Structures are given as C-alpha cells and as structure tokens.
Amino acid sequence: MVQLIDLSQEIYQGMEVYPGHQKTIIWQHASHEETAARFEGGMSYQSNAILMCDHGPTHVDSVSHFDPAPEAAPIDQMALDTFYGPAVCIDISHKGVHEYISGEELQEACDAAGVNVLPGDILLMRTGTHDKYAGTPAYSNQHPGLDDSAAEWLAEKRVKAFGVDCPTPDNPISKTYPVHMMCRRTGITHYENLTNLDKVVGKRFIFAGFPLRIRDGTGSPVRAVAILE
Ligand SMILES: [Zn+2]
C-alpha cells in the first residue's frame, strides 16, 4: 500500500517569508453573494486572489534564481524529471543555530540514519527548524547551514536535487552562500521550507515536488510529497 506524506508548509496571509521577499497577501476576489446575482437557480461561486513571492513557502529554486547567466533555465524550462524521483532523508538537527555543517558531518548523518546516497537521488536534510519555530519570526534566520565542504560533498554525491526544512541550506550568517554558489556551478537545484521531515528520516522513498509552470519563474511553490511503498 502506498503512503503519502505531506512535506509542504501552509500558504496563508501572515506566513513568514525570507527577509526581503514579497509578503503573502490573500483576499477574496469574488464571493458567493456577489456571483449569485449573475446566475439563476441558486448557482454561485467564490474565488480568491493571491499575491506572493515565487519563493514561498515550500518551493524549488530555478537555475535562473542562483545563476545570472542568460542561458540559465527559468522554472518553466527545467525538466520535470528534476522534481520527481528516488529520495532519502537524513537528520542534522543536532546542529545549533548559525552553526556550520561540514561534508564529513553529512556523511556521519547518513551513517547514523542508515542511508546510502546514490547518484541521482534527491537528498532531504532535517534541521528541525520548522518543527521548532513554525509561524514565528525566529523561523526566518535561526537555523544552521552547510559550509563549503558540505556543498562540495553534495556535488560529489551527484544528487539530482536536495532540500531542507528551513529558509535556505546556507547559513543565515554567511555572506558567500557556498551552497547556492555550488548550485550555480553544477546546475543542481534545491527545495526550501519543507516540513515533516522527521517522518521520513532514514527512509528511502519517492519524492515529488513539481513547480507551477510559471513563465520565466525564478522558482515556484510546490506541493512536496514523500511517496512510501
Ligand atoms: Zn535557494
């Protein structure tokens, strides 16, 4: 039997956004009361409008987000295969706020979780940030981050993509963002603001997190799901 685990954060007005990003605004665009006047027999509908950043909340980055090269792919031109496939999850939640995680420590986390990262896998890393700080301002910058050696480790493992349950895989105190720079160099993308990763640590599953087909999008919200057999 297939089990589906939702790895996505909620979208709502007032949700935390990455510092400097567009805040999420949602309003009722048409109400049942208003639309009923246009129909007969009781027919009516309601619809909402949403203003939000293409990087919020649970989302995937396009290559064009972290690579300024004119040929860097926007989200609608990236292969669908990028966003679906075999995945594993490790736990790095023992690292404290603003601490750096090294490549060696990622390998240790794999060993601790009994996980073997294969080329082409999608690797999720649980920092526990969303579990601790969901819905509070602390969520936006109170988390650890990967250092240069960890970024290099991901590239050497030849993961297809990776993801974290915090706003960025880089350390919020870093000015050089080595993980995003590794992504620029390799074209490997990543997911940010995942949740519920405690439910998949140490497991092998199928990950699906398809972006919306936003023309020239620099990223897209996704419904991230772990599919377990
Ligand atoms: Zn990113």
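**The metal site and the sheet**

Guide: This is a predicted model. In it, D61 (OD), H180 (NE2), H190 (NE2) and E192 (OE) coordinate the zinc ion at 1.9 to 2.2 Å.

Visitor: What is the geometry of the zinc site, judged by the angles among its donor atoms?

Guide: For four tetrahedral donors, the ideal angle at a metal is 109.5 degrees. Here the angles among the four donor atoms run from 86 to 145°, and the site of the zinc ion is irregular. Tetrahedral would need all angles between 85 and 135 degrees.

Visitor: How are the donor residues of the zinc ion spaced in sequence?

Guide: The pattern is D-x118-H-x9-H-x1-E. D61 belongs to strand β4 and H180 to helix α6 (residues 178-186), so this pair ties together parts that are 119 residues apart in sequence.

Visitor: Are D61 and H180 buried or exposed?

Guide: D61 has a relative accessible area of 0% and is buried. H180 also counts as buried, at 11% relative accessibility.

Visitor: Which strand does β4 join through two bridges, and in which direction do they run?

Guide: Strands of a sheet pair through backbone hydrogen bonds, either parallel or antiparallel. Strand β4 (residues 59-61) is joined by two bridges to β10 (residues 189-192), and the two run antiparallel. V60 has Y191 in β10 as its bridge partner.

Visitor: What is the strand order of the open sheet?

Guide: Its nine strands follow the order β1-β13-β11-β5-β7-β9-β10-β4-β12, with mixed pairing. At the edges are β1 (3-6) and β12 (219-221), each pairing on one side only. From one strand to the next, the twist averages 25°.

Definitions and conventions
Residues are numbered from 1 along each chain as its sequence is written. This is a predicted model: local features need pLDDT of at least 70, side-chain atom pairs count only at pLDDT 80 or more; totals for chains, interfaces and linings use all residues. Side-chain values use heavy atoms; hydrogens and water are left out. Two strands pair if DSSP finds at least two bridges between them. Helices (H or I, at least four residues) and strands (E, at least two) are DSSP runs, numbered from the N terminus. Axes are lines fitted to C-alpha atoms, for helices over the stretch in contact, and angles run from 0 to 180 degrees between N-to-C directions. Donors are N, O and S atoms within 2.8 Å of the metal (3.2 Å for Na, K and Ca); water is not among the atoms, so sites may look incomplete. Four donors count as tetrahedral if all angles lie between 85 and 135 degrees; four count as square planar and six as octahedral if opposite donors are over 155 degrees apart and all others between 65 and 115; anything else is irregular. Buried means under 20% relative accessible area, exposed over 50%, partly exposed in between (1.4 Å probe, protein chains only).
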